[in-house]
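Subject: Structure handover

Dear colleague,

Here is the structure you asked to have passed on. Please look it over first; notes on what was found in it follow below.

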Amino acid sequence: MKRLAFTAAAAALLTSPAAAEKVVVTADRMLDVQTGRMVDYPAIFVGDDGRITAVADARTVRWSSDVRHIALSGKTLVPGLIDMHVHLDSPADIGGYRGLEYTDSFFGMTAVKNARDMLDAGFTTVRNVGSSHRNDIGLKQAIDGGYAVGPRIVPAGYSLGATGGHCDSTYLPPSLETPQEGVSDGPQAFRSNVRRQRKYGAEVIKVCATGGVFSRNTEPGQQQMSEEELRAVAEEAHQWGLRVAAHAHGADGIKAAVRAGIDTIEHASLVDDEGIKLCAARARPCWFSMDIYNTDYTQAEGKKNGILEDNLRKDREIGEIQRQNFGKAYRAGVKMVFGSDAGVMPHGLGARQFAVMVRYGMPPLEAIRAATRNAAQALGREKDVGAIAVGRFGDMVAVSGDPLADVRVLERPAAVIKGGRVIAGEIPPKG
């Protein structure tokens with residue numbers, strides 16, 4: 001996709017309060033994800049605060065000369081996409097021990113480009129579920145302050161996990177080990193770590209309930225946090241008004257996380273029928289976030305990127321099982337959100353997952369809702385994102401074609417608009 005020829009200074013101005021202006025965006029059609037209907041010839045008015053003030057019929061409405069017009073003739077608009085599982089400071093082409101070739105601050109620097117790649121791909125909001133050195137919190141502050149261009153970030157800071165588990169450092173010998181923030185043992189220690197992450201800017205708490213694919217000396221199906229520890233995290237986070245995401249591949253860890261009140265279950269690869277029923281029936285909303293595309297990338301490119309064979313082995317073993325369980329969970333009524341695990345794969349490829357979701361049984365409308373309406377609900381931010389509606393941010397993606405007929409058009413955005421400003425695409429704004 002071509003990017004508008006903005007200078008770095010001009011790009012920064014797009015997110016600066018000084019650039020605030022009233023805007024109207026017109027297109028041939030707009031997908032209303034709340035009703036599931038296509039709306040012909042929408043005119044979306046965005047105020048100088050970046051929020052939508054009205055949605056009207058472009059054939060009948062008029063606007064004054066001080067309103068900037070972004071004309072997207074021949075295009076279809078969908079709400080800005082939301083990816084609920086990303087790692088912005090994780091470059092996908094550096095795996096295994098290759099990360100030791102770089103200084104600590106290198107990975108935070110890569111997050112700037114990765115965030116821009118996600119925005120260019122149509123993801124105007126992302127939930128970053130775990131970073132080093134709180135790189136996600138710093139990047140969010142830089143974007144909000146106009147120093148960088150990227151999506152709206154919901155940051156977790158450090159992931160929380162058990163000693164020796166998936167969220168601990170498992171690649172080095174004891175002589176090189178340094179204290180790992182977020183590593184806890186016992187309910188009270190986890191409660192304290194929830195408070196610490198919130199204190200320093202976390203807006204969501206991430207825990208590792210089971211082993212993982214890309215850690216060393218852990219198996220995905222292995223439960224690594226007790227239900228008591230998971231419940232302590234959920235209760236503490238909810239008390240502070242935060243939601244919790246649990247990395248959980250294995251069936252027992254998934255069920256423990258659901259019973260403990262965790263809000264979103266990440267990966268859910270080896271979920272069993274009981275776990276599916278528990279999530280679907282729970283009174284407090286329970287969501288699955290299943291990254292069912294990235295195995296295509298990791299199996300094709302992982303060895304070249306330095307990923308260890310043991311990690312690739314685990315990836316191969318659970319990839320197809322996870323995809324089959326995705327379809328089973330959807331058919332059973334589990335609430336689903338879009339999560340790509342970008343960072344395991346390049347950040348600009350996230351939209352490729354829509355086609356895989358459809359291939360494994362989810363209608364295109366529901367796949368798009370997973371990345372818009374559903375994700376906003378799971379975040380607790382329905383007033384801000386997730387739909388093209390009055391009061392929400394003017395975040396939109398323009399595509400050529402009908403995404404309900406061919407969801408793959410979402411892989412090629414014609415334009416990306418954040419807060420009423422054209423951020424990327426082939427179509428410049430018209431005065």
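Is Ala 378 buried or exposed? Ala 378 is buried, as its relative accessible area is 4%; buried stands for under 20% relative accessible area, exposed for over 50%, and partly exposed for what lies in between, with a 1.4 Å probe and protein chains only.

Before the rest, some ground rules. This is a predicted model, in which local features need pLDDT of at least 70 and side-chain atom pairs count only at pLDDT 80 or more, while totals for chains, interfaces and linings use all residues. Residues are numbered from 1 along each chain as its sequence is written, and side-chain values use heavy atoms, with hydrogens and water left out.

Overall picture

The protein has twelve helices and 18 strands. These are DSSP runs numbered from the N terminus, with helices being H or I of at least four residues and strands E of at least two. For its 431 residues, a compact globule would have a radius of gyration near 22 Å, and the protein agrees with that at 21 Å. The radius is taken over C-alpha atoms, and the globule rule is 2.2 Å times the number of residues to the power 0.38. The C-alpha trace spans about 65 × 45 × 45 Å along the principal axes.

Of the 431 residues, 58% are buried. Among contacts (heavy atoms within 4.5 Å) between residues at least 6 apart in sequence, 69% join residues at least 24 apart. The accessible surface is about 17100 Å², and carbon and sulfur atoms hold 50% of it; the areas come from the Shrake-Rupley method with a 1.4 Å probe, and for residues only the protein chains shown count as cover.

UniProt lists residues 76-422 as "domain: Amidohydrolase-related" in an unreviewed entry. UniProt positions are in the numbering used here, feature names are shortened, and annotations may be inferred rather than shown by experiment. Over residues 76-422 the chain is 36% helix and 16% strand, with the end C-alpha atoms 15 Å apart.

Ala 378 lies in helix α12, residues 373-379. Setting aside residues up to four places away in sequence, Ala 378 touches Met 84, Arg 243, Thr 264, Trp 287 and Val 337.

Ala 370 is in helix α11, residues 364-370, and counts as buried at 0% relative accessibility. With residues up to four places away again not counted, Ala 370 touches Met 336, Val 337, Phe 338, Met 357 and Ala 375.

Gln 180 sits in the loop between β9 (161-162) and β10 (183-184). Its relative accessible area of 32% makes Gln 180 partly exposed. Beyond its neighbours within four places in sequence, Gln 180 is in contact with Cys 167, Asp 168 and Ser 169.

Arg 134 has a phi near 55°, which is positive in a residue other than glycine. Arg 134 belongs to the loop between β7 (123-128) and α3 (135-144) and is buried, with a relative accessible area of 17%.

Asn 217 is not a glycine either, and its phi is positive at about 65°. The loop that holds Asn 217 runs between β11 (204-208) and α5 (227-239). Asn 217 counts as exposed, at 67% relative accessibility.

Regards
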